[in-house]
Amino acid sequence: MTEKVYILDAMRTPFGSFGGSLKDIEVDTLAGMLIKGIIERNNIQPDQIDEVHLGCCVMSVCKDVTGSVIARQALLKAGLPVGVLSSTIDKACCSATEAIRRGYDTIRLREAEIVIAGGAEVMSRIPHIARNLRWGMKLANFVLEDPIFPLQYKDFNPLAVDAGEVGLEYGESREDLDVWAFTSQQRFQEAEKAGKFQEEIMPVESKDKKNNTFVFAKDEFPKANTTLEGLKKLLPIYGSPTVTAGNAPGLNDGAAALILISESKLRELGLHPLAEIVAIACMADKPKYIATVPGQAIIKGLKMLNLSVDDLKRIEINEAFAAVPLVSSKILGDFDEGKVKEIREKLNSNGGAIAIGHPVGASGARLVGTLAYELRRLGGGYGAAAICGGLAQGDAVIIKV
Ligand SMILES: CC(C)(COP(=O)(O)OP(=O)(O)OC[C@H]1O[C@@H](n2cnc3c(N)ncnc32)[C@H](O)[C@@H]1OP(=O)(O)O)[C@@H](O)C(=O)NCCC(=O)NCCS
């Protein structure tokens, strides 16, 4: 018999802008702060944690900055016992959801009782690359590469190109993308004014230019003064037909984590969960079609549960670009105009990554946490959080509050 798996708590740091308030904090330090913060908030003792799984898909390869076993380094920095098992997971933007899947599986299979799962990324610290220095250069210009300019996978298009082209293929024009981006910014502002992010955000200490300590407590990427007219004026990036800096997420910094716990342990400790994870579904498709996979993954998860999209009270789909929630919602609504409209009303109701930001390895856990708190505010129900990642992988986490 497998165990039921619950989310005891979900927390994240505020998300920072590229070169913003978190740019001087190493990714394992940031993740360590969050692990310490989330276990303290729940009065969980360090020796009660069995495993830590963290997504980190860009910073984990930058050994010159931090070393490459971020989860292990972070748990040691957080003061967890040396015997706690860990894994650092790179599945591109699906890294945190894959980390959650790992924790979900080990608890289901009774290999663990309490697991921390999430992810962290500090994109501001991605170093430039000097490829030809190791064996010396005889006669050549020295080139310093920026690995995120543009953001793309070797041998494939920049992600902004694929998202824009597939968006057009599914009937999502530049104007549609800008309208969605504007909505995302507006929804975020309304949610923030209503204090909706307070439960999920753990303020962190950072240092300013003069080395003075300050408390970083609010997301700094959202652009409150966004207008549709302003968005329309922006030029497309990297040769994309429709994607601009205004309808794309940023290159952001942040960490997000969940405490996962078995039903038996929950009962033993007399704790109240935030949500239950009822299914996790993964998909992959042709590399260009990143915009479609979150929708496909949600459909797969719903089938596993014998539910339909109408049973979902809220949906989170990562705004890797505006085209992603737009295309995925069309797939979820089976291209029925009325149904798609209904789905979009319950989709990213507090704004998405275009406003909040997208620290790639962390976003999946942010989506699940944001979803769980929103469902709780609504009095409970089912919800799905889905994300796309490198070359059209997609994960959906379905929860019940
Ligand atoms: C899009 C991207 C290239 C922009 O980087 P950038 O140029 O450093 O971004 P900036 O914040 O300077 O924005 C560029 C311009 O757009 C403007 N802009 C951005 N958002 C805007 C908004 N909501 N309204 C109006 N103008 C906006 C900025 O003001 C800036 O204008 P300026 O050049 O006149 O100063 C970068 O954020 C990126 O690569 N994002 C995609 C990340 C990604 O692919 N993630 C993975 C997804 S799977």
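Predicted model: local features only at pLDDT ≥ 70, side-chain atom pairs only at ≥ 80, totals over all residues.
Me: In what sense do β9 and β10 pair?

Reply: Parallel, over five bridges, with β10 covering residues 382–389. To find your place, look for Arg 314, which stands opposite Gly 383 in β10.

Me: Now a helix pair. How do α4 and α9 cross?

Reply: For a pair like this, ask about distance, angle and hand. The axes of α4 (residues 159–169) and α9 (residues 323–332) come within 9 Å and cross at roughly 35°. The crossing is left-handed.

Me: And which residues make that contact?

Reply: From α4 you get Ala 163, Gly 164, Val 166 and Gly 167, and from α9 Ala 323, Val 324, Leu 326 and Val 327. Sorted by class, that's six nonpolar, two polar and no charged.

Me: Let's zoom out. Which domains does the chain have?

Reply: The domain assignment gives domain 1 (5–126 + 250–275) and domain 2 (159–196 + 278–400). Their centres, taken over C-alpha atoms, are 22 Å apart.

Me: How many residues are in contact between them?

Reply: Interfaces can be sized in more than one way. The accessible area lost when the parts come together is often quoted. Here we count residues instead: 36 of domain 1 are in contact with 29 of domain 2. On the domain 1 side, β1 (5–12), α3 (95–108), β4 (114–122) and β7 (253–262) each give two or more residues. The largest share, seven residues, comes from α3. By class, that side has 22 nonpolar, eight polar and six charged residues.

Me: Last one: which residues come nearest to the ligand?

Reply: There are 19 residues around the ligand, and the nearest are Thr 226, Gly 230, Ala 245, Gly 246 and Ala 320. The shell splits into 13 nonpolar, five polar and one charged. Domain 1 and domain 2 each supply at least three of the shell's residues.

Notes:
Residues numbered from 1 in each chain as written. Near = placed C-beta within 6 Å. Nonpolar A, V, L, I, M, F, W, Y, C, P; charged D, E, K, R; others polar. Domains from an automatic or database assignment. Contact = placed C-beta atoms within 7 Å. Helix = DSSP H or I, 4+ residues; strand = E, 2+ residues; numbered from the N terminus. Pairing = 2+ DSSP bridges. Axes fitted to C-alpha atoms, helices over the stretch in contact; angles between N-to-C directions. Left-handed = near helix turned anticlockwise from the far one by under 90°.
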